[in-house]
Amino acid sequence: LYHGSGLPKNPDAGIAWLQKAAEQGHGTAAWVVARDMMTNPSSPSYAPVSGVKWMTMAAEAGHQAAMLELVEIY
């Protein structure tokens, strides 16, 4: 995640674009944001509790892995 393919590596820009896609209903983008927030302590967006919001957004968009992860969380 955030490899800087063709551009300098910029995790802040990467997460910002993922969040924009998620807010437009892209379930996989919401799931990636959630996983990054919940499982990657080196991420600039690391915030496990806030990740639940994005995981819920992904599940509501029909992302099956997000649905299963919410089951585990709750």
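Visitor: Which residues does H63 touch, leaving out those up to four places away in sequence?

Guide: H63 touches G27, T28, W31 and A58. Bear in mind that this is a predicted model.

Visitor: What makes those residues contacts of H63?

Guide: The cut-off is 4.5 Å between heavy atoms. G27, T28, W31 and A58 meet that test with H63. H63 itself is found in the loop between α3 and α4.

Visitor: Why is H63 called buried?

Guide: The relative accessible area of H63 is 17%. Buried means under 20%. H63 therefore counts as buried.

Visitor: How do you know that V33 is buried?

Guide: The relative accessible area of V33 is 0%. The limit is under 20%, so the label holds. V33 is found in helix α2. Beyond its neighbours within four places in sequence, V33 is in contact with I15, L18, Q19 and W54. Its C-alpha lies 9.3 Å from that of A58, a residue 25 places apart from V33 in sequence.

Visitor: What makes P8 exposed?

Guide: P8 has 70% relative accessibility. Exposed means over 50%, so P8 qualifies. P8 lies in the segment before α1, residues 11-23.

Visitor: Turn to helix pairs. At what angle do α2 and α4 pack?

Guide: Helix α2 (residues 27-39) and helix α4 (residues 64-73) pack at about 35°. Their axes are 10 Å apart.

Visitor: Which hand does the crossing of α2 and α4 have?

Guide: The crossing is left-handed. That label needs the near helix turned anticlockwise from the far one by less than a right angle.

Visitor: Which residues make the contact of α2 with α4?

Guide: From α2 come W31, R35 and M38. From α4 come A65, A66, E69 and I73.

Visitor: How do those residues of the α2 and α4 contact divide by type?

Guide: They divide into 5 nonpolar, no polar and 2 charged. Arg and Glu count as charged, so R35 and E69 are the charged ones.

Visitor: How do you know that R35 and E69 form a salt bridge?

Guide: The distance from N to O between the two side chains is 3.1 Å. The cut-off is 4 Å, between a side-chain nitrogen of Lys or Arg and a carboxyl oxygen of Asp or Glu. The pair meets it, so the name salt bridge applies. A search of the whole structure finds 1 salt bridge. Side chains of opposite charge can pair when their charged atoms come close.

Visitor: What does the pair of E69 and R35 tie together?

Guide: E69 lies in helix α4 and R35 in helix α2, so the pair ties together parts that are 34 residues apart in sequence.

Visitor: Is E69 buried or exposed?

Guide: Its relative accessible area is 16%. That falls under the 20% limit, so E69 is buried. R35 has 31%, which lies between 20% and 50%. R35 is therefore partly exposed.

Visitor: Which residues of α4 are buried?

Guide: The buried residues are A66, E69 and L70. They cover an arc of only 105° around the axis, which puts them on the same side of α4. In an α-helix, residues three or four places apart point the same way, because there are 3.6 residues a turn. The cover over the buried residues of α4 includes α2 and α3 (48-60).

Visitor: Which residues of α4 are exposed on the other side?

Guide: Q64, L68, V71 and E72 are exposed there.

Visitor: What makes L68 exposed?

Guide: The relative accessible area of L68 is 57%. The limit is over 50%, so L68 is exposed. The C-alpha atoms of L68 and V52 are separated by 12 Å.

Visitor: Why is M67 called partly exposed?

Guide: M67 has a relative accessible area of 37%. M67 lies in helix α4. With neighbours within four places left aside, M67 is in contact with A59 and G62. The C-alpha atoms of M67 and M57 are separated by 9.8 Å.

Terms used: Residues are numbered from 1 along each chain as its sequence is written. This is a predicted model: local features need pLDDT of at least 70, side-chain atom pairs count only at pLDDT 80 or more; totals for chains, interfaces and linings use all residues. Side-chain values use heavy atoms; hydrogens and water are left out. Axes are lines fitted to C-alpha atoms, for helices over the stretch in contact, and angles run from 0 to 180 degrees between N-to-C directions. Helices (H or I, at least four residues) and strands (E, at least two) are DSSP runs, numbered from the N terminus. Buried means under 20% relative accessible area, exposed over 50%, partly exposed in between (1.4 Å probe, protein chains only). The arc is that of the directions from the helix axis to the C-beta atoms.
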